[in-house]
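Open the model in your viewer and keep the selection tool at hand. The tour goes from one selection to the next.

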Amino acid sequence: MALLKIKDLSVASGRKVILKKIDLDIEQHETFAIFGPNGSGKSTLMNTLMGIPSYRVIKGSIIYRGKDITKMSILERVRLGIGVSFQQPPEVKGVTLKDMANICQGKKPGTELDEETMRLVRTFKLEDFLDRNINVDFSGGEKKRADLLQVLLLKPRLLMLDEPDSGVDIVSLKLICQEIYNYIKKSKASAIIITHQGEVLNYIKAKRACILYDGGNYCYHSPQKILKDIRENGYEGCVNCRIN
Amino acid sequence: MCKLQDKLKSIPAKLLKEAENVGMEQEGPGRSATYFQTDHQQAYTSINRIYKGKLEIMDIRDALKKYPWVKKLMWKTVDKDKDEYTKAAADMPGGGYFIRVLKGQKLSVPIQSCLMITNESFRQKVHNIIIAEEGSEANIITGCVQEHNVRIAEHIGISEFFIKKNAKLNFTMIHNWKKDTKVRPRSAAVQDDNSTFISNYICLRPVKDLQMYPASLCKGKGSTARFTSLLYAYENSLIDVGSKAVLEGDESRAEIISRVIARDSSTIYSRGMLVGNNSKSKGHLECSGLLLGREARVIAVPELEGNSYGSDLSHEAAVGKIADKELMYLMSRGLSEEEATSVIIRGFLDTKIFGLPEHLQKYISSLMDQMKYATG
């Protein structure tokens with residue numbers, strides 16, 4: 001049974017239809033990559049899967065572990081094991097990264113972090129950020145690292161990572177990706193990774209990928225082949241899928 | 001928290017419990033001195049023996065008898081005829097505290113005071129004089145509260161601060177009223193060279209009608225004033241709170257920060273005024289307002305008055321509801337909407353903005369937790 005089954009999914013934000021008839025299966029223990037140009041609907045897909053209310057499902061369904069979660073709240077989805085790292089996480093004044101780390105682990109803000117959490121914090125090079133307001137005056141890469149840390153602390157069964165390699169330096173990316181990859185291997189979780197350059201896929205191996213283009217998904221194949229085709233033919237060419 | 005009963009046996013336990021909610025605690029290593037007044041009666045005054053000779057604390061009526069010069073300080077910074085409340089306090093004063101931190105004394109632990117109303121419909125009128133002598137440093141935590149069974153009350157509090165050369169005073173005032181109580185503090189400070197006055201105000205419980213506009217005259221060279229307010233209004237409360245700094249000295253500085261939350265049908269006027277009378281003065285004003293109810297109102301009124309070429313004054317103000325994206329973010333980390341709202345409100349009312357020493361900041365934060373102010 002697929003862990004996640006997206007069936008004929010169409011999604012609107014306001015009056016604009018962004019996702020059109022998406023069909024996608026993510027298997028148990030599978031890492032799946034999604035490519036696509038800016039504005040193609042990748043982040044909308046992530047936000048819809050997470051249950052963010054401003055993204056309205058107008059048709060189709062999302063089945064997760066055999067349950068229809070299309071109308072479930074964000075919290076219900078989190079409890080079922082879905083964790084997301086956002087492309088642009090917001091600033092929350094007065095709430096520190098340490099508070100967020102506690103919240104992700106179901107603990108009260110202000111609780112001291114345990115040794116394993118601190119190990120992760122050090123790996124993500126975030127020791128100096130623990131007492132800072134989350135994302136306030138963080139650089140792009142710092143926001144990303146802080147968000148990925150939170151996702152790992154949630155211990156999800158399905159990780160959804162929206163451009164985890166954007167803005168993160170190569171050395172940090174390697175360390176962070178190794179942690180994520182170890183987690184995926186150890187917990188047998190599945191992952192959906194949105195990436196532009198595919199840098200992250202050097203460290204977190206994905207067997208399958210697809211293109212999201214103008215709100216629809218195309219061309220299931222290995223990420224390496226899809227990336228090569230995008231480089232050679234552009235997204236427009238790639239959606240016609242010439243990979244054999 | 002320690003119980004005051006151990007020391008203050010003459011005061012009913014239920015009153016002490018109310019006092020604890022606004023920062024009073026048992027004397028000991030955590031407090032240098034205590035002043036406790038119920039209605040117009042001085043109930044308890046003492047100085048921790050370690051701090052004897054370093055500060056003075058007494059009923060203002062005793063201070064007037066002891067030091068003839070205190071009379072000259074009264075109504076020096078606040079106009080006696082300013083309004084009906086100052087006139088009422090001038091005509092029939094009902095005590096108040098006199099606190100004087102002596103020259104060069106740096107007190108590592110705070111002085112505490114509590115002004116309590118224990119009688120129904122009582123109109124409490126106090127006049128406080130606070131002097132930080134040259135080179136001194138102190139923290140004062142003062143709480144104003146009405147006893148649990150008192151439904152209607154009125155509090156008029158005149159407070160005059162004299163911050164001398166190189167002195168630093170950190171004054172934190174916590175109010176804990178009820179929904180039928182009217183409150184009119186009237187405060188002002190005058191600051192000499194290189195002095196620092198930090199004034200923090202917390203009011204997170206219901207009140208009927210609260211209006212105040214404390215001010216500081218930064219007349220000394222390099223004098224610095226900082227006013228911070230955390231306010232939470234409920235039901236039909238009308239809160240009109242602002243702070244004003246007049247920057248007269250060379251390189252005088254001021255910062256005014258307010259964080260206000262209005263829910264139900266409450267209204268908050270959040271004011272602030274910076275007056276730059278010196279060409280080397282600098283000030284910043286910041287007001288953030290959160291609306292938690294469709295009928296709640298926050299009116300931010302920041303005023304900047306640049307009277308001297310070269311004075312550098314700025315302000316920023318923002319009023320609105322909790323941003324959906326912040327709520328969603330916290331919910332995606334495993335919180336319900338109510339829990340996420342609560343975390344955001346708590347963060348909004350972050351006591352770290354007070355600039356208190358860490359142990360005091362944590363103490364004030366834990367006090368705020370005890371107040372159990374509504375969070376959504």
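How many nonpolar, polar and charged residues are in the lining of the largest pocket? By class there are 10 nonpolar, 13 polar and 15 charged residues; here Ala, Val, Leu, Ile, Met, Phe, Trp, Tyr, Cys and Pro count as nonpolar, Asp, Glu, Lys and Arg as charged, and the others, Gly among them, as polar.

This is a predicted model, in which local features need pLDDT of at least 70 and side-chain atom pairs count only at pLDDT 80 or more, while totals for chains, interfaces and linings use all residues. Residues are numbered from 1 along each chain as its sequence is written, chains are lettered from A in the order in which they are written, and side-chain values use heavy atoms, without hydrogens and water.

Next, select the two chains and look at their contact (heavy atoms within 4.5 Å). Chain A gives 26 residues to the contact and chain B gives 17. About 1700 Å² is buried between them, 71% of it from carbon and sulfur atoms; buried area is the accessible area (1.4 Å probe) that two parts lose on being put together, summed over both. Now pick Met328(B), Tyr329(B) and Arg333(B): they supply 43% of the area that chain B buries against chain A, more than any other three residues.

Last, select Ile364(B). Leaving out residues up to four places away in sequence, Ile364(B) touches Ile141(B), Thr172(B), Ile174(B), Ile202(B), Thr351(B), Phe354(B) and Leu356(B). Ile364(B) and Leu159(A) have the most contacts inside the largest nonpolar core, which has 126 residues. Such a core is a set of buried (under 20% relative accessible area, 1.4 Å probe, protein chains only) Ala, Val, Leu, Ile, Met, Phe, Trp, Tyr and Cys residues joined through side-chain atoms within 4.5 Å.

Conventions:
Buried < 20%, exposed > 50% of the residue type's maximum accessible area, 1.4 Å probe, protein only.
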